[in-house]
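Work through the exercises below with the sequence and the structure side by side. Try each task before reading its solution.

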Amino acid sequence: HIFSHPAGRKTLSTKPLVLTARMSSAATPPQAQQAAPDATLAAERRVTYLLDDHIGVHASPEASLRKPHTVRLTDNLVVDCGLDKHMTMVRSGGDGWSPAPAATVRRYHTDAYVAFLEKIELHGKEVANEAANYVLNNSVCFSETAWPYAQIYAGASMHAAELLATGKADIAINWSGGQAHARRDCASGFSYVNDVVLAVLTLLQSVERVLFINVDSVHASGVEEAFYTTDRVMCVSLHRHGDGYFPGSGGAKDAGERAGKGHNINLPVERGFSDADLEALLPPVVEAAAARYQPAAVVLLAGTGLLSGDRLGCMNVTLGGYSKAVECVLALRRPTLLLGGGGYTTSIATRAWAAATSLACGAAPLPLAELRPDHPCPQQLSETVMGNENGAAALAATREAAL
């Protein structure tokens with residue numbers, strides 16, 4: 001059973017794990033624990049940023065796979081803005097981290113599915129007829145390099161989790177990660193391997209409880225399914241829901257089963273979701289969940305599909321509202337893993353992830369006017385205002401039900 005304690009491992013305390021003295025909040029009253037960290041605390045965070053210099057080659061127009069290109073541009077923008085001076089940049093290969101080997105991916109995924117993924121790059125024609133057996137829905141299109149790409153983002157997420165679990169970092173960032181839809185035996189969406197589940201399982205080898213938070217236009221369906229019956233992981237997901245929107249899961253009444261009952265909190269919203277809606281809904285739920293559950297570590301999937309102008313999300317959240325959502329999670333002052341998740345307009349996702357990086361490492365804010373003009377993205381973010389279909393009463397009811 002993936003949630004059982006490894007043989008011989010001592011059961012950890014139920015108190016929240018604090019990896020470094022400067023992250024400790026034991027002497028602070030509960031109200032102060034939830035406040036945004038001051039400048040001194042932010043400057044003292046040990047932040048590790050994981051990247052692969054060749055991630056961009058895995059973008060595939062034929063498979064509509066844009067994220068590797070978006071991540072490459074994000075990495076470039078982070079360096080252009082000087083954020084690399086405020087954190088440790090760890091590249092794949094050498095003394096850094098390595099792509100996840102098949103044996104490691106099998107900690108969650110089935111042998112048959114991993115064997116299929118391994119064959120795609122060199123023997124794609126031979127296994128083409130098998131593809132239908134390894135997809136959850138018709139949203140999946142396997143790129144030619146789906147397997148090496150999945151190994152990269154999964155390896156980075158798992159290494160980031162190890163850094164947190166061993167006390168070598170307070171915050172670890174992998175924007176290529178957050179592929180939260182894959183199931184044990186199949187792909188879903190652009191998620192070939194579920195790096196979020198693998199990262200959480202890595203944390204659970206060392207800590208007792210993990211809080212997973214999804215803030216994106218799409219529900220983290222594969223993560224919810226993986227941990228639906230355990231109390232060692234609490235899942236909080238804010239996402240667009242209804243009207244046939246992908247993936248269709250994440251209803252407010254889906255609260256977990258057996259030991260996991262009450263440990264799955266969905267915050268479904270409609271199109272047009274705004275900054276004010278986000279501020280009224282997310283922080284109270286996140287703060288209450290952390291206070292009651294007392295997680296040892298936090299995993300935040302900071303997707304950008306909810307930002308105004310995203311081609312699929314159809315929401316009205318601005319970069320400022322997105323930043324506040326990230327800040328409310330960092331204010332929990334727990335060892336935190338930041339993952340990228342979705343984002344379907346490159347210029348928006350790139351800037352949002354760069355802004356979140358600056359918040360994590362305590363650097364000065366990055367207003368749009370200060371972004372490097374030679375960076376290959378349009379200079380202005382697309383502002384597309386959608387009609388807001390979220391009523392105040394409905395949002396209040398969702399919040400109260402979650403609380």
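**Exercise 1. A loop residue**

Where is the place of alanine 59, and between which strand and which helix? Then judge its surroundings.

Solution. 
- The model is a predicted one. In it, alanine 59 sits in the loop that runs between strand 1 (47-51) and helix 3 (67-80).
- Next, take accessibility. Alanine 59 has 27% relative accessibility, so it counts as partly exposed. The cut-offs behind this are under 20% for buried and over 50% for exposed.
- Now list its contacts, leaving aside neighbours within four places in sequence. Alanine 59 touches Leu65, Pro68 and His69.
- Finally, take a distance. Arginine 72 is 13 residues from alanine 59 along the chain, and their C-alpha atoms are 9.9 Å apart.

**Exercise 2. Confidence**

What pLDDT does the protein average, and which stretches fall below 50?

Solution. 
- The average pLDDT is 83, and 84% of the residues score at least 70.
- Residues 1-38 have pLDDT below 50, yet this stretch has 62 contacts in the model beyond near neighbours in sequence.
- Residues 372-381 are also below 50, with 23 contacts counted in that way.
- Where pLDDT is low, the predicted coordinates should not be read in detail.

**Exercise 3. Aromatic pairs**

How many aromatic pairs does the structure hold?

Solution. 
- There are six aromatic pairs.
- Take phenylalanine 116 and tyrosine 134. Their ring centres are 4.6 Å apart and their planes lie at 20°, so this pair is stacked. The cut-off for stacking is under 30 degrees.
- Phenylalanine 116 belongs to helix 5 (residues 111-127), while tyrosine 134 is in the loop between helix 5 and helix 6 (146-165), 18 residues apart. Both are buried.
- Take phenylalanine 142 and tyrosine 192. With centres 5.6 Å apart and planes at 25°, this pair is stacked, because its angle is under the cut-off.
- Phenylalanine 142 lies in the loop between helix 5 and helix 6, and tyrosine 192 in the loop between strand 3 (171-174) and helix 7 (195-204), so the pair ties together parts 50 residues apart in sequence. Both residues are buried.
- Ring pairs link Tyr113, Phe116, Tyr134, Phe142 and Tyr192 into a cluster.

**Exercise 4. Charges over rings**

Which rings have the charged ends of arginine 184 and arginine 209 over them?

Solution. 
- The charged end of arginine 184 is over the ring of tyrosine 108, 6.0 Å from the ring centre.
- For arginine 209, the ring is that of tyrosine 293, at 5.6 Å from the centre.

**Exercise 5. Strand 5**

Is strand 5 (residues 233-240) largely enclosed or open? Find its partner strands as well.

Solution. 
- Count first. Eight of the eight residues are buried, so strand 5 is largely enclosed by the rest of the structure.
- Strand 4 (residues 210-215) runs parallel to strand 5, joined by six bridges. Isoleucine 213 stands opposite valine 236.
- Strand 6 (residues 264-269) also pairs with strand 5 in the parallel sense, over six bridges. Here serine 237 has asparagine 266 as its bridge partner.
- Last, trace the connection. Strand 4, helix 8 (residues 221-226) and strand 5 form a right-handed β-α-β unit.

Conventions
Residues are numbered from 1 along each chain as its sequence is written. This is a predicted model: local features need pLDDT of at least 70, side-chain atom pairs count only at pLDDT 80 or more; totals for chains, interfaces and linings use all residues. Side-chain values use heavy atoms; hydrogens and water are left out. Helices (H or I, at least four residues) and strands (E, at least two) are DSSP runs, numbered from the N terminus. Buried means under 20% relative accessible area, exposed over 50%, partly exposed in between (1.4 Å probe, protein chains only). Contact means heavy atoms within 4.5 Å. pLDDT is the predictor's confidence in each residue, from 0 to 100. Rings of Phe, Tyr and Trp (its six-membered ring) pair if their centres lie within 6.5 Å; planes under 30 degrees apart count as stacked, over 60 as edge-to-face and the rest as tilted. A charge sits over a ring if NZ of Lys or CZ of Arg is within 6 Å of the ring centre and within 35 degrees of the ring normal. Two strands pair if DSSP finds at least two bridges between them. A crossover is right-handed if, with the strands pointing away from the viewer, the path from the first strand over the helix to the second runs clockwise.
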